[in-house]
Amino acid sequence: MKPGCRFRWLGLSEYTSVADRMLQFTDSRDRETLDEIWFLEHFPVFTQGTSSRLEPHRNPDGIPLIRSKRGGQITYHGPGQLIAYLMLDLRRLGIGPRRLVELIEDCLLRLLADYGLEGKRRAGAPGVYVEDHKIAALGLRIRNGCSFHGFSLNVNMDTTPFTWIDPCGYPGLVVTSLALNGVDRKMETVCRDLKRCLSDVFEWESDGTGAGVEGIR
């Protein structure tokens, strides 16, 4: 087993402040720093990846548009969507960015299977799909051999704002959620289940600081 990872629940959080904290954590860590994964939800926000120039086709609710330091194109975050930010030392794990993406997708596919859903990959389009509808999106950044940013899983959210953009740069891509596929789970439950899947896939010890997710009782 590899050294453990600390899992934290941050709750409903503003995008920019969390992104700044991730960068500070990544820039200040050393070879002994324990890896961390932060689970949270965001207030409504559109974000553009580093290479994206795409903007919403319409935005009747005036949702903020923010340029992010992650990779990828444009996406939407909002309440009811579970975010997982992965601050991992890839050198210590002995993996590269491509393998990191594979492991994240493996974890999500396991989670969906546990919930009775058949998740799928799509060649050239990172993320996880149920039928042809996207349920989880990835957007990562690697800095000095360490990852930050991560992925999102739609649990029980209003997916309407996705129709105002080309999600992940794909015109007409339909976005779905666990709830729209008949899976009724509380956010705290999904966090715990996702922690278990991540620990299994990355072969971590149960936790660096305890059995649960800090911030969730």
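Strand β3 and strand β4 (residues 65-67) run parallel and are joined by three bridges. Within this pairing, Phe-46 stands opposite Leu-65 of β4. As a reminder before going further, the model is predicted.

On to the antiparallel partner of β3: four bridges link β3 with strand β5 (residues 74-77). Here Thr-47 has Thr-75 of β5 as its bridge partner. The two pairings can be set side by side:

| Partner of β3 | Residues of partner | Direction | Bridges |
|---|---|---|---|
| β4 | 65-67 | parallel | three |
| β5 | 74-77 | antiparallel | four |

Put together, these three strands make an open sheet with mixed pairing, in the order β4-β3-β5. The edge strands are β4 and β5, since each pairs on one side only. From one strand to the next, the twist averages 30°.

What covers the story of β3 itself is its two faces. In a regular strand, side chains alternate between the two faces of the sheet. For β3 (residues 45-48), Val-45 and Thr-47 are on one side, with Phe-46 and Gln-48 on the other, and all of these are buried. Both faces of the strand are therefore covered, as the burial of Val-45, Thr-47, Phe-46 and Gln-48 shows.

Now to another strand, β1 (residues 5-13), which contains Ser-13. Is Ser-13 buried or exposed? Ser-13 has a relative accessible area of 9%, which falls under the 20% cut-off, so Ser-13 is buried. A polar atom of the Ser-13 side chain lies 3.3 Å from the backbone oxygen of Leu-10. Leaving aside residues up to four places away in sequence, Ser-13 touches Val-18, Leu-40, Glu-41, His-42 and Phe-43.

How well does the length of α4 (residues 187-202) fit its residue count? At 1.5 Å a residue, its 16 residues should span 22 Å, and because the end C-alpha atoms are 22 Å apart, the two values agree.

After α4 comes Glu-203, which has a positive phi, near 60°.

Conventions: Residues numbered from 1 in each chain as written. Predicted model: local features only at pLDDT ≥ 70, side-chain atom pairs only at ≥ 80, totals over all residues. Heavy atoms only, no water. Buried < 20%, exposed > 50% of the residue type's maximum accessible area, 1.4 Å probe, protein only. Pairing = 2+ DSSP bridges. Polar contact = N/O pair within 3.5 Å; in protein donor to acceptor, adjacent residues only side chain to side chain. Contact = heavy atoms within 4.5 Å. Expected span 1.5 Å × (residues − 1). Axes fitted to C-alpha atoms, helices over the stretch in contact; angles between N-to-C directions.
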